[in-house]
Every structure is written in C-alpha cells, then in structure tokens.
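Here are a few notes from my pass through the model, for you to check against the view. I've kept them brief.

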Amino acid sequence: MIAQAIFIIILGAAIYLFTKNAGKIRRNILLGKDVDRTDQPALRWKTMAKVALGQSKMVKRPVAAVMHFFIYVGFIIINLEVLEIMIDGVFGSHRVFSAPLGNLYGLLIGSFEVLALLVLIACVVFLCRRNIVRLKRFSGTEMTQWPKSDANYILCIEILLMTAFLTMNAADYKLQLLHFEHYVKAGSFPVSSFIAPILPGGARALIMLERGCWWFHIIGILAFLNYLPYSKHFHILLAFPNVYYSNLNPKGKFTNMASVTNEVKAMLDPSFVPENTGEPARFGVKDVTDLTWKNLMEAYTCTECGRCTSVCPANITGKLLSPRKIMMDTRDRITEVGNNLDKHGKDYDDAKTLLDNYITREELWACTSCNACVEACPVNINPLEIITEMRRYAVMEESQAPASLNNMFGNVENNGAPWKYSQADRLNWANNE
Amino acid sequence: MDLKIPTMAELAAEGKEPEILFWVGCAGSFDERAQKITRDICKILQHVGISYAVLGTEESCTGDPAKRAGNEFLFQMMAMNNIAVLDGYNIKKIVTGCPHCFNTIKNEYPGLGGNYEVIHHSQLIQQLIDEGKLKAEGGESFKGKKITFHDPCYLGRGNSVYEAPRAALEILDAELVEMKRCRSSGLCCGAGGGQMFKEPEAGRKDINIERIEDVIESKAQVVASACPFCMTMLTDGVKHQNKEQEIKVLDIAEITVRANGL
C-alpha cells in the first residue's frame with residue numbers, strides 16, 4: 001500500500017511538473033506571429049507519415065539512420081511496457097498484462113528485450129561517434145559545453161534505463177524459474193536470460209534487485225520526461241507537429257510580405273487605399289517575437305544533429321554562418337524572453353535582441369540561400385527563413401546592407417539590372433555574334 | 001544560322017501574339033558569356049520553329065537579387081512593373097534562361113497578381129527531345145566524353161527540377177558522371193542569395209573553389225550547368241585551378257546547339 005501511495009505521488013508530481021514546463025514552451029512558441037499552416041490537411045498528414053513517422057530524410061546517412069531507427073522504434077514500442085509498469089505501480093499488481101495476453105505477452109516482452117538491446121548498442125555507438133571518433137558534425141562554435149553534455153546525458157540515461165529494464169527482467173526470470181510467489185512464468189526472455197546466470201541465486205537478493213530495477217526504471221523514465229523541456233531531446237515530441245506544419249511550397253518560393261505590397265501599391269497608384277491592418281508591424285525580424293510561431297516551434301524541435309551545418313556551403317568553406325547556430329540562438333533567445341516574462345512581467349525590456357546579441361550580421365550576409373540546410377533537416381526545419389527575415393530587417397528598417405549590395409539595389413532600381421548597364425542596351429546581345 | 005530575334009513590341013505592332021515569351025534575364029542580356037547562351041537558346045527556338053519573342057528593352061530585373069538580399073520593397077516594385085508589362089502583352093507562357101528568373105516569376109509573381117505558365121530552358125529542351133523535335137545530330141560529337149551536371153540551387157532544390165537538364169545530356173551518347181554532391185545534395189556555386197554582387201565573408205576558401213574540386217574529382221571533361229551565375233562561378237573556379245585546358249564549362253543550351261550544329 002505504501003509503495004502504491006509513493007508511486008502515485010511520484011507519478012502525479014512528474015506529470016504535473018512536465019505539463020507545467022511543456023506549457024511554458026507552448027506559451028513561448030505562441031509568442032510568435034501568426035501564420036496559417038492548416039491548408040491541405042491530407043498532404044500534411046502524408047508528409048508527417050513519411051518524414052516524421054517514416055524517417056524518410058534520415059536515410060541519407062545510413063549508419064545514423066539505422067542506429068536512430070533502433071532507438072526510435074525502441075522508444076515507441078517499449079512505451080507499451082511503461083503502460084504496464086504504470087498500472088502495476090498504481091494497483092500494486094505484478095505484470096498485469098501477462099494473464100490476459102497469454103502467449104502473446106511472452107512474445108511482446110521478448111520483442112521489448114531485443115529492442116532494448118538494440119537501443120543499448122545504438123546508444124553506445126552514438127556515444128563513441130561523439131566522444132571517441134569525434135565526428136565533425138557534432139562540433140562547431142555553437143556546440144559549447146552544454147549542448148555536448150546534453151547529448152551525452154541523453155545517451156547515458158537511455159543506457160541506464162535499458163540496463164535497468166533488462167536486469168529487472170533477468171531477476172524476474174530467475175525468480176520465475178524458482179517458482180517464487182507471484183513471479184509467474186511470462187515468456188522466454190530472449191536477452192535477459194543471458195544476464196540471469198551472473199545474478200545472485202538467493203530469492204531475497206533477486207527480489208531486491210527486481211524491485212530496485214523496477215523503481216529505478218520507472219523513476220528514471222519520469223525524471224527523463226522532465227528533463228526533456230530543458231533538452232534538445234524535446235524533438236521526440238515536437239518532430240511530429242513540426243513536420244505536420246511544414247512549409248509545403250517549393251523551397252525556392254520566399255514569402256511575399258503583405259505589408260510591403262500595400263505600400264508598393266500605394267506608391268505606384270496614389271488612388272489605392274490599403275486595408276487597415278492595424279498596428280504597423282516592423283519589417284523583417286529583429287527579435288524572436290517578430291518571428292512566426294512556426295519558426296519558434298522549429299527552434300524547439302531542433303535536436304542539434306548538425307546535418308544543416310555540415311552541408312552549408314558557407315560553413316564548409318570556413319565562414320561564420322552555421323544554420324544550426326541560427327536555430328539554437330533562436331531557441332535560447334525565446335527561452336530567455338519567456339523567462340523574463342515570468343520574472344519581470346509583460347513590459348520588461350532586457351535591451352537584448354536576436355539580431356546582434358545572438359546572431360551577427362556577418363553570419364546573415366554569408367548565406368547563399370541555397371536551401372541545402374532546409375533540404376538536409378530530417379524534420380523540415382527552415383533556418384533560411386529566419387536568415388532572410390533578419391536581412392529584411394537590416395535592409396528595410398536600418399538600411400544596413402553591405403555597401404556592394406546597396407550598389408546592386410541602386411542599379412536594379414535605376415537601370416532595371418543589378419549591374420550598371422543602361423536599359424536601352426538590353427537587346428544588344430541580339431546584334432553581336 | 002541566321003538569327004532573327006523578334007520582340008514583343010514588333011509582334012504586337014503586326015497584331016500577332018507569340019506562343020511563348022523568352023525571358024532573357026539580366027545576366028543573359030549583359031554578361032558576355034551569358035549573351036552567347038541567350039543567342040543559343042534563340043537558335044534552339046528558331047530551329048524547332050516555335051513562335052517566340054523577347055521583351056528587349058522592355059524587360060527589367062525580376063527583383064530576385066533584391067528579394068534574396070532582403071529588399072522586399074524593391075522586389076515588389078520590380079515585380080509589379082514587370083507584371084504590368086507582361087499582362088499588357090497578354091503573355092501566358094514564359095521560358096527563362098535563368099533559374100533565378102524562373103523561380104521568381106513562377107513562384108513569387110502569382111501572389112502579386114502575375115499568373116503565367118513558366119518553364120526553365122532545360123525543361124523546354126527536355127520537352128523538345130521527348131517530342132522528337134530536337135536530337136543530337138549534325139554537329140559536334142560528345143561521344144565518350146565525360147560530362148557532369150552541376151545542379152543550380154534554384155532549379156534543383158528550389159523547384160525539384162533534376163531530370164530535365166540531364167535529359168539534354170543523356171541524348172549525347174556521352175558518359176554522364178555524377179559528382180559526389182549532386183541533385184538534392186548538390187553544392188551551391190556560391191553566387192546565390194545576393195553573393196554574386198558582393199565579396200564573400202572571411203573564410204578558408206571560396207565556395208566555387210570547393211565546388212570545382214568536386215568537378216575535378218569526378219574526372220569530367222565538361223561540367224554542364226543551366227544558370228548564368230553558376231556559369232560565372234564555375235568558370236572562375238576552373239581558371240583558379242588552372243584547368244582551363246582539361247575542363248570546359250558549358251550551358252546545356254550551348255551543348256544542344258553544338259551537338260546539332262546550329
């Protein structure tokens with residue numbers, strides 16, 4: 001009874017805390033400007049099934065794809081086991097699904113065990129790639145101490161959870177062989193039966209081990225759940241809605257700014273009366289709250305894998321720009337804005353902005369708008385949109401484009417071409433062979 | 001081939017409307033190398049007998065470089081003026097010689113009221129090959145030559161056009177080789193996003209040099225492209241590596257014209 005009460009208290013506290021922190025992220029995302037991403041629901045579901053559920057963009061890197069697939073499937077399937085653990089914990093039962101499911105239960109537990117082993121192997125491989133092989137993708141200016149530790153913590157926690165799960169099963173299996181009390185036979189335990197021989201033989205010790213691992217496993221999972229809102233690992237939740245709300249247009253199509261359309265129309269036709277769109281908005285993006293909620297959702301979805309940065313032509317050739325940094329800066333800044341809101345209220349201004357305090361001009365102007373980063377992202381994050389919006393702010397609000405680009409603007413405006421040629425000479429190519 | 005370049009104004013004066021407008025673009029109008037490609041596209045159009053015209057001095061920048069560099073005002077100003085000109089001539093179908101013009105008119109003009117069927121010259125060439133109107137005979141032989149294709153970002157990733165330019169090369173009986181970074185993983189030439197008009201930021205090397213290393217690695221004798229900006233960047237890259245003798249940079253339109261002896 002006491003164990004059940006403790007379990008219910010821990011479970012309740014974990015769920016409460018997680019809901020609170022996830023709610024904060026939701027609030028932060030909704031600080032962004034509105035954008036409609038609800039059109040073509042059929043295509044959106046299809047894209048989500050393919051890209052998020054089906055992991056279609058992961059396959060470009062086969063080793064990472066296979067390892068990630070193990071962890072991904074393991075995470076989803078082993079959650080069925082967590083459901084049983086929850087019920088057992090609340091009602092004080094033991095392996096509550098084993099009687100009603102019969103032989104199927106043994107099969108399920110067997111598949112969980114195989115998956116747990118694969119997850120374990122994948123996590124070890126991932127740790128080696130990060131810390132021993134030191135893949136270039138996992139370093140870079142933005143990969144400071146915390147992002148690197150975050151990745152290692154996630155992998156270590158998963159290794160611990162899987163180890164506890166398998167050890168628990170091994171002790172259970174051994175108790176089943178002893179026909180001890182309620183430890184009824186529940187399948188063949190294809191992985192943990194190999195661990196069983198190295199465990200102590202006494203029933204008391206085995207029960208201690210089984211219970212200890214059971215508690216460690218479930219408290220570990222609940223603690224991990226509460227680690228998510230502070231971690232890049234939040235992608236396991238946001239990847240799905242983030243892909244659902246993807247930009248469905250061709251990548252080359254940039255948004256046309258409606259606020260500019262009104263002004264240009266008024267300029268070209270003095271009789272044009274624009275619709276009143278209320279508060280005149282800032283042109284482009286200076287701080288995170290000028291971004292759309294989708295940009296902000298993408299920032300929280302980013303798991304810092306670095307595929308974007310590793311294919312960025314500017315980054316490859318040693319420029320300061322890193323698309324991953326754009327996303328991480330955006331996330332860190334909106335988190336800061338949210339924290340300020342909680343601490344100091346609505347009217348507080350910390351005199352900081354995404355542009356300049358986080359992202360420098362040099363980064364913005366190094367982009368070739370080639371869309372390689374957008375193409376590479378396994379969950380359809382678009383760093384290019386943020387870069388473009390910040391360029392818009394620099395150009396239209398501050399007139400702070402590099403001088404050579406200002407020259408180009410002048411030529412386009414006056415000569416109808418980005419170079420200093422006369423429009424009257426535009427057909428000269430037809431005459432000189 | 002004796003080239004006759006009809007302009008929209010001339011045709012309109014005769015009360016005629018061409019089947020398709022050839023949108024030349026700024027590079028195609030003014031850059032010496034790109035001018036040659038422009039004439040080659042006209043040769044192809046004339047060769048297959050499509051009725052076409054150009055805007056000539058009535059054409060202006062689409063606004064693409066301004067838009068990518070953040071100057072949305074200038075872009076929309078250019079776009080609305082161009083739409084007025086295009087609609088004034090009742091234009092329905094456009095072929096462009098530049099992926100940037102193609103992308104802008106196709107994707108970004110509709111939101112400002114300009115609705116046209118827009119194709120890139122690689123798609124036109126593919127269509128003509130498919131219809132049997134364009135072959136690779138009567139001209140220079142590319143047989144056995146190693147040719148690789150550099151995907152322009154705004155044609156490939158930007159609009160998912162990967163096969164059309166390759167169709168123009170597959171007909172040649174040449175050996176088509178791919179670079180390690182190709183199609184959706186293709187590496188940018190370094191000119192997009194306004195970079196064509198400014199010095200690059202400080203770094204280890206220029207992007208076109210990085211790209212030319214891919215070309216060299218592929219052992220291709222010809223690197224084909226379909227964008228005037230890529231053309232400039234790749235040509236500069238080849239020069240920088242002193243490979244002008246070994247590697248030729250050609251637009252798919254030039255290759256088509258050569259293969260057909262136009």
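1. Start with residues 6-23 of chain A: the span is 100% helix and 0% strand, and its end C-alpha atoms lie 25 Å apart. Bear in mind that this is a predicted model.

2. Residues 153-171 of chain A are also worth a look. Here the end C-alpha atoms are 27 Å apart, and the make-up is 100% helix with 0% strand.

3. Both spans come from the UniProt record, an unreviewed entry, which lists "transmembrane region" at residues 6-23, 63-87, 107-128, 153-171, 183-200 and 212-230 of chain A.

4. On to the contact between the chains. Chain A puts in 54 residues and chain B 56. On the chain B side, helices supplying at least two residues each include H3 (32-48), H6 (99-108) and H9 (207-218). H5(B) gives the most, with 7 residues. By class, the chain B side splits into 23 polar, 19 nonpolar and 14 charged residues.

5. H5(B) (residues 72-88) packs against H9(A) (residues 258-268), with the axes 9 Å apart and at an angle of about 55°. That angle is why H9(A) counts as oblique to H5(B). The crossing of the two is right-handed.

6. Which residues of H9(A) and H5(B) meet? From H9(A) come Val260(A), Thr261(A), Val264(A) and Leu268(A); from H5(B), Glu72(B), Phe73(B), Gln76(B), Met77(B) and Met80(B). Sorted by class, this helix contact has 6 nonpolar, 2 polar and 1 charged residues.

How values were computed: Residues are numbered from 1 along each chain as its sequence is written. Chains are lettered from A and ligands numbered from 1 in the order in which they are written. This is a predicted model: local features need pLDDT of at least 70, side-chain atom pairs count only at pLDDT 80 or more; totals for chains, interfaces and linings use all residues. Axes are lines fitted to C-alpha atoms, for helices over the stretch in contact, and angles run from 0 to 180 degrees between N-to-C directions. Helices (H or I, at least four residues) and strands (E, at least two) are DSSP runs, numbered from the N terminus. Angles under 35 degrees count as roughly parallel, over 145 as roughly antiparallel, 65 to 115 as roughly perpendicular and the rest as oblique. A crossing is left-handed if the near helix is turned anticlockwise from the far one by less than a right angle, and right-handed if clockwise. Two residues are in contact if their C-beta atoms, placed from the backbone, lie within 7 Å. Ala, Val, Leu, Ile, Met, Phe, Trp, Tyr, Cys and Pro count as nonpolar, Asp, Glu, Lys and Arg as charged, and the others, Gly among them, as polar. UniProt positions are given in the numbering used here, feature names are shortened, and annotations may be inferred rather than shown by experiment.
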